[in-house]
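Reader: I am new to this structure and would like to go through some of its contacts. Please take me through them one at a time.

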Amino acid sequence: MKKYLLLLTIMMLCSHVAGQANYTINEAWHFYRGKTLKPKNNNQTINIPHTWNKLDVMDDTPGYYRGAGWYWRNIFIGKEGENKRIYINFEGANQALELYINNKFVGKHIGGYTYCSFDITPYVKIDQKNRFTIKVDNSNNIDIPPLSADFTFFGGIYGNVSLLFKSPIHIFQKDYASSGIYIYTPKVSEKVAEVTSRIIVSNTTHAPRKITIVQRIISPQGIVITSHSYNTTLSLSKEQTVDYKTLEIQNPELWSPDSPALYTLETTLMDPQSKDTLDRVNEEFGLRWFSFDANKGFYLNGKHIKLIGTGRHQCRIGEGNALSDEQQIEDVLLLKKMGANFLRISHYPQNPYILRMCDKLGIISMIEIPIVNSITESKAFESNSINMAKEMVKQNFNHPSLVAWGYMNEILLQPQYKSGTKAYRNYCESIKHLASHIESIIRELDPYRYTIMSCHGSIKTYQEAGLLEIPRLIGWNLYQGWYDGRFQDFDTFINTFHKQYPTIPFLITEYGADADIRLHSFKPERFDYTNEYANLYHEYYLQSIVNHPFVSGAVIWNLCDFYSETRGGAVPHINCKGIIGFNREKKDTYLLYQANLLKTPYIAIGNGYWKKRSGMEDGNGTCSQPVNIYSNLPQVEVIHNEVSLGMYPVTHGIATVNIPFTSGDNSIRAIAHYTGGKVEDTYKCNFDLVPLILKQRSFTELNVMLGSNRYFEDKSSNICWIPEQAYSPGSWGYIGGEALRIKTSYGSLPASQDNILNTNQDPIFQTQRIGIKNFKADVPDGEYAIYLYWADLLSENNRNKVIYNLGNDPLKQDTEQSDFSVSINGLQILNNFNFAKQIGTKTAIIKKTYITVDQGQGLNIQFASKEKACLNAIRIVKLN
């Protein structure tokens, strides 16, 4: 895979820029975080890509730094800059950038996700060091979208910075930081394709100049198949747009997911007398035609394709959004390996490698600007939004993978005014005006592609605002069965919309369920963050999407887990809806789509990342737990610890097998045969078997989460926590009380959404048994360490209210944590213990004590309270 990445990287680096010197200047910048530049105060040396938020977005202090940061360094510009126009290009700086060179202000760019370019020729000195100073500011600004969103607004220069040297007469790259060349394919069929282009040429000399423009089209095999030259005269000191002659390609190779054929348009500016090359730019393009049908879905080159893919945020654990080129490429490769054919580049334009990879790998795509949740009713907000739309279209115009431009996401999710009021109606009119303005701009710039607006799941809201008939496509972000309702409500929604708007094509632009790779349950339920619930969710949605032809396509939310600083949940500050984990672990949901989308023989064993398992013995020296085998073949053989368990049929890509896990190391092999060969996968884990009768087998430890049906793998400690059970003689369990259910507008949740302070193992503390009387374990005699776990889950100020929970924030419950006492085998350990008052809310508390068990008495942990005692988790470890 690394060789493949390297090869693709080299190919891409060579495909775009030709005929001019260019290089990155990413290394050895000085950095200072603060409103005013203070070079001598605590500055550090960093490399770009860089963000100043990669650590504070994950700490326990609410919020993260949103303000200014300064970058500066001396850059030597040698003879390569002599008699040249010199540009500096930024691939991403969030969100307002100011550039100074040699203490002179050069320019400013607004917007954190589109590229920008500055002509710095008048400011630099040739054959000398030049002082470059850059101010970047990610402060909240009501005139710059996004105003809010379910992702983190990392500050910094997170994209490459480079210098580009051009001759005085050159293809102009300051037209919204585009390449200066716009390729149109107005007519494409299997027999012939027409290719035309618009070129912006800059003459920075002080006299009119005659030039020759030569264009060659190079086939995917590298053969020149057609060319044309054109003479023109450029006016002095200005830019000039040239609409170039239409070129024809006979019997074209069409671009598609199965055969992403890419042509190259080579554009050369020449001096007609000396024949010297003044400038040259190569732009890749593809030949295809496409359409969306409101009843039948998406068609590419006359063939129906169901679009199935994901959204993507550009961030990784510990690095924020400051990713290397290789990391950007890896994500698109993971999407292709899944069998997907679609990518929603959300909710903002991203690294240029993303769309280049989509072009090369055959992944159809859409891209959007970050107008999310709400707008500001100001001329400045409208102007910035329009500018972003122009940048998005012009910078990405030539990508054949792109089929739609997006410009608003869930724009009525967080309105500025109460619904039904005059202010709200006026606000909706302002949104409609802005949407119509952006729509007209995009259609003027690109009459061939579609436009799309993504809406949260309320037809009436967008209908009354008059937004549903503005774009050419509608996207619906739907989460029935996660945020509320049942899976079946998804079918009800899409059928209702199609019935009400039978002529509007639509996609599902978001759907998903949070899953922490550490959490599992064999009794999964909504909002438990387990992989098993996410599996059920995606299994249902996938079949429904496939079975409804009027659904043009669907976007899983999301490719990978991503930062969202305001969120709580099983992994605070992270949205866990990715089908790939934050460290690029493949969740079962990823395997599900591989089994349903891949065309080559495939097999994989589910929960491959669950390496430390545990469970109760079933009386036969084993513990039976279901394991999913994913395959696109009709049946699989499963072998456990070298013993065949038989053949199992595969339905919708899944065969579920009950595995009789034994104590210690376990191995599973799954094999599926096809004509001419076989595919197989292997899974290994270590299993802690908890004895059914604790005194009959060797007992070592017991790790239980109270009030929970979940298993939790603490990977840092190599411990697997198991669900609670009621006590029975000879075994272990609780006596009395009830599992805490967090009440919400949609019923109740199985676990708290709170960010628990002073721990990274939040799920251990997010469930609780209240009113518990005893916890008993009939362990054999010996020395034991007992760990008791608590966290306050009920206090009023402990509620993490997040708009994206869509009504699943906790309602008011009993908020006073009562005092209680704890005794073990008659020895009082804690007296009048009130952890909320004595230690604090939102805080992980672990009380450890030692106890000697003798005379066969086992362990009896007693809780005494006038009201209700509670316990979140318990760990019992036999020392000898």
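Predicted model: local features only at pLDDT ≥ 70, side-chain atom pairs only at ≥ 80, totals over all residues.

Reader: How do helix H8 and helix H9 lie relative to each other, parallel or perpendicular?

Author: Helix H8 covers residues 531–547 and helix H9 residues 588–597, and their axes are 9 Å apart at an angle of about 30 degrees. Angles under 35 degrees count as roughly parallel. H8 is therefore roughly parallel to H9.

Reader: Which residues of H9 does H8 meet?

Author: H8 passes H9 in a right-handed crossing. From H8 come Ala534, Asn535, His538, Glu539, Leu542 and Gln543, and they meet Asp588, Thr589, Leu592, Tyr593 and Asn596 in H9. By class, this contact has four nonpolar and two charged residues, and its polar residues number five.

Reader: How is the contact of H7 with H8 made up by class?

Author: Helix H7 (residues 488–500) packs on H8 at about 30 degrees, with the axes 10 Å apart, so H7 and H8 are roughly parallel to each other. In the contact, Gln488, Phe490, Asp491 and Ile494 of H7 meet Tyr540, Tyr541, Ser544 and Ile545 of H8. The classes are two polar, one charged and five nonpolar residues.

Reader: What is the handedness of the crossing of H7 and H8, left-handed or right-handed?

Author: The two helices pack with their axes 10 Å apart. Their crossing is right-handed.

Reader: How many salt bridges does a search of the whole structure find?

Author: Side chains of opposite charge can pair when their charged atoms come close. A salt bridge here needs a side-chain nitrogen of Lys or Arg within 4 Å of a carboxyl oxygen of Asp or Glu. Searching the whole structure on that basis gives 32.

Reader: How far apart in sequence are the parts that Arg584 and Asp331 tie together?

Author: The side chains of Arg584 and Asp331 meet in a salt bridge, at 2.8 Å from N to O. Arg584 lies in the loop between strand E36 (574–575) and H9, and Asp331 in helix H2 (residues 325–337), so the parts tied together are apart in sequence by 253 residues.

Reader: Which residues are linked in a network of salt bridges with Arg584?

Author: Arg584 pairs with Asp331. The network joins Arg584 to Asp331, Arg312, Arg316 and Glu330.

Reader: Which strand holds Arg875, the partner of Glu701 in a salt bridge?

Author: The closest N and O atoms of Glu701 and Arg875 are 3.1 Å apart. Glu701 is partly exposed at 23% relative accessible area, whereas Arg875 is buried at 13%. Glu701 sits in strand E45 (residues 701–705), and 174 residues separate it from Arg875, in strand E60 (residues 873–878).

Reader: What is the separation of the C-alpha atoms of Ile735 and Lys776?

Author: Ile735 is in strand E48 (residues 732–735) and counts as partly exposed, at 32% relative accessibility. Leaving aside residues up to four places away in sequence, Ile735 touches Tyr727, Ile772, Lys773, Asn774 and Lys776. Ile735 and Lys776 are 41 residues apart along the chain, and their C-alpha atoms are separated by 7.7 Å.

Definitions and conventions. Residues numbered from 1 in each chain as written. Heavy atoms only, no water. Axes fitted to C-alpha atoms, helices over the stretch in contact; angles between N-to-C directions. Helix = DSSP H or I, 4+ residues; strand = E, 2+ residues; numbered from the N terminus. Parallel < 35°, antiparallel > 145°, perpendicular 65-115°, else oblique. Left-handed = near helix turned anticlockwise from the far one by under 90°. Contact = heavy atoms within 4.5 Å. Nonpolar A, V, L, I, M, F, W, Y, C, P; charged D, E, K, R; others polar. Buried < 20%, exposed > 50% of the residue type's maximum accessible area, 1.4 Å probe, protein only.
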